[in-house]
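Trainee: I am new to this model and would like a close look at one part of it. Please start with a single residue and then place it in its surroundings.

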Amino acid sequence: MRKVACIGAGMTLFRRRLQETPKEMCWEAARMALDQAGLEIGDVDAVVFGSAPDAFDGIHMKGENVLDACGGIGRPYVRVFTGGGTGVFSPIAAYWHVASGLFDCVLVVNEEKMSSCQPHPQSVFGHIWDPILDRPLKPNLVWIFAMEMNRYMTVHNVRYEDVAAVAVKNKRNAVGHPCAQLADPHITVEDVMNSEVMAWPVHRLDISPPSDGASALVVCSEEFARTHRIESPVWFAGVGWNIDTTFWTDRDLYFPEYLANAAKIAYKQARITDPRRQIDFAEPYDPFDYKELHHMEGLGLCKKGEAPRLTREGVTQRDGDLPTCPSGGLLGVGNPIAATMGIKVGELYLQLSGQAGQRQIPHEVRTGVTNAWGDLMQFSSVVVMRA
Amino acid sequence: MTFRDRTTNVDALRSWRGDVEADYIYTTGVAGERFFTELRDTGRILAAHCEACERTYLPPRMYCEKCLGPLSDWRPVRGPATVEAVTIASVDAHGNRPPEPEVWAVLRWRGIHGGLVHRLAVPPKQAKPGLKVHPVLRPAGSRVGNITDILYFAP
Amino acid sequence: MTAKEVRWPGKELTAKEFYNKVTVTRYRPEAKFAWSAGEAMSRFLAELQRGRLIARSCSSCKRVLFPPRMFCEECFRPTDAWVYVRDTGTIETYSISYIDLDAKRIETPVYVGVVSVDGASPKMGIMHYFGEVAPETIRIGLRVKAEWKPAHEREGSVLDIRYWRPLRRGE
């Protein structure tokens, strides 16, 4: 397989409501990524689009709706979908487009417009549950996260304040992100603990906000990067993905086995045998604060049940030994589901190419890992990148 | 490979009903806002022009789909529209038959990339490609900034 | 994003602008469905109406699969037999919800969670409500039993069980 680089990134502001249509957000992000890479759409061989369920934007087949804005007209164009895992999965799809030798330069555009959905995006989340077994109970999707969080905390005897500390860290990290929706330099663990209980143990500030937004990346072959004199390409070192059963009530929710399986694939390719030592920083998917902990453990960055201690000891702070979510994450920057690509794979690219500005990790970083998580809490996509 | 147990008594098979409820508000967007407020306030139909690609888009958009450059040159469409294709709709979106069949058309303007789909106020037999038509709008005060501010197109 | 890029695209709207100022279109889809329950769920629903829980067994991996299914996803072969499981079980996890389906706040919280069912393979269960519990008494590991609706009120639905309540002495 050929070596594959990321050479440009763009994203819109993440906000509760943007005026732009889904197409317009896509174009803004795509244009920015091309500008950053110093390319024009004519340099692009193929386009990958990623988005979560159509029900948020309220446009069926939204991949077709936005394709003109993504430069998809007259090009090989495909939409990929792995629910909430799409943000890290569409870059993987772009990776195999290039690694296979089929294409030299691929534009990846991810988008989500959640404000269209009334009265709240939660309303259509209801339709992902099994119609016979689950929906008669009138579930809110937060339930499933609350149950997973409770199971995780109970099995490892985790204190709630150690979970809340993740929300505090990420919302503070987001202060350095120009697109951030919920950055807060002054937030404290008490603020999170005292916020309204939504579905115990999940409090309002444990949850990332619904957002409108789009992001884009330019991905290319080694030869393309050389002939176009790209200054600081960042390389895909390993990719992986994995899914567990949809009978989610048959699984022990305390550990994300699917993520450990996905990471194993990516680490094998990246020749990583000791993730904690060989990986310098991480952007685990953090739609909820406990998920960062859950995902650090699934990614093998620490032992099972050990992530809360690393957080408490400051290891995961931006200037710590294992900076985690230096972007500010979904908790701080926002959660336009698939578009979180911009703060996951996008952040790896920016950090590893030294372009993260105010968010730049103060010490040298060479290797980063990120994951996204989705479908019915059963899927993970993993990307390892190297400078 | 098939299931070894199979229900042959159809009365034992069940189904489960449910509505997929959803409700949406779509912003018209940055370009759409300009297009629809212009239609509402002045009655003009605006298109957006790309200098580099020599293309003028209707509906207007904020980017050129060919070069992905930004568009800032907006201009009203001129002259009548030409009917390119028609269909006579005898059933509505719910499968019901309206009292009179409705005539719908694809409308194009000279020099414009794209066009509009809208109703045609002509009898079905006269609805032919090539017909020149003009938009008929709601009265100025009652327009809301929506595609239905255009009532129909008429010769 | 970098020194090269200073403009971050996106025109934010306030709630007031979104609902009252900018031009919008509205749409309310009418999407009505009837899902065929299929072999396994048809029997499962029929048994619920009789006040019983049923599973399927796989003779290859020896698991008792609950909720029941006609194929074993691990062995990738048809399952072999219907097996009744018990209406008692263990709370694997739970939440106390203060929000409804639309994320609106509700006055009386709902106790909800996953029960692994006795007689099925370990950890296999369903999501359901809990009753006769309080924040202080509900816990992971609590032994519970289904509280069924009276027979004449049951209609072949997971709601034929009102909720799962703590086991009583002697049960």
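What does C:Tyr19 count as, judged by its relative accessibility?

Mentor: C:Tyr19 counts as partly exposed, with a relative accessibility of 37%. The classes are buried (under 20% relative accessible area), exposed (over 50%) and partly exposed in between, with a 1.4 Å probe and protein chains only. C:Phe18, at 1% relative accessibility, counts as buried.

Some ground rules first. This is a predicted model, in which local features need pLDDT of at least 70 and side-chain atom pairs count only at pLDDT 80 or more, while totals for chains, interfaces and linings use all residues. Residues are numbered from 1 along each chain as its sequence is written, chains are lettered from A and ligands numbered from 1 in the order in which they are written, and side-chain values use heavy atoms without hydrogens and water.

Chain C has 171 residues, of which 50% count as buried. Its secondary structure consists of two helices and 12 strands, where helices (H or I, at least four residues) and strands (E, at least two) are DSSP runs numbered from the N terminus. Along the sequence, the elements of chain C follow the pattern α-β-β-α-β-β-β-β-β-β-β-β-β-β. The radius of gyration of chain C is 23 Å, whereas a compact globule of 171 residues would have one near 16 Å; the radius is taken over C-alpha atoms, and the globule rule is 2.2 Å times the number of residues to the power 0.38. The C-alpha trace of chain C spans about 65 × 45 × 40 Å along its principal axes. Among the contacts in chain C (heavy atoms within 4.5 Å) with a separation of 6 or more, 52% are between residues 24 or more positions apart.

The C-alpha trace of chain A spans about 55 × 45 × 40 Å along its principal axes. In chain A, 72% of the 387 residues count as buried. Residues 24 or more positions apart make up 77% of the contacts in chain A with a separation of 6 or more.

Now to the rings. Over all chains there are 19 aromatic pairs. Rings of Phe, Tyr and Trp (its six-membered ring) pair if their centres lie within 6.5 Å; planes under 30 degrees apart count as stacked, over 60 as edge-to-face and the rest as tilted. In chain A, the ring centres of A:Phe89 and A:Trp241 are 5.6 Å apart and their planes stand at 80°, so this pair is edge-to-face. It links distant parts of the chain, 152 residues apart: A:Phe89 lies in helix α4 (residues 86–99) and A:Trp241 in strand β9 (residues 234–243). A:Phe89 is buried, at 8% relative accessible area, and A:Trp241 counts as partly exposed, at 36% relative accessibility.

That returns us to C:Tyr19. The rings of C:Phe18 and C:Tyr19 have centres 4.9 Å apart and planes at 85°, so this pair is also edge-to-face. Back in chain A, ring pairs link A:Phe89 and A:Trp241 with A:Trp96 and A:Phe379 into a cluster.
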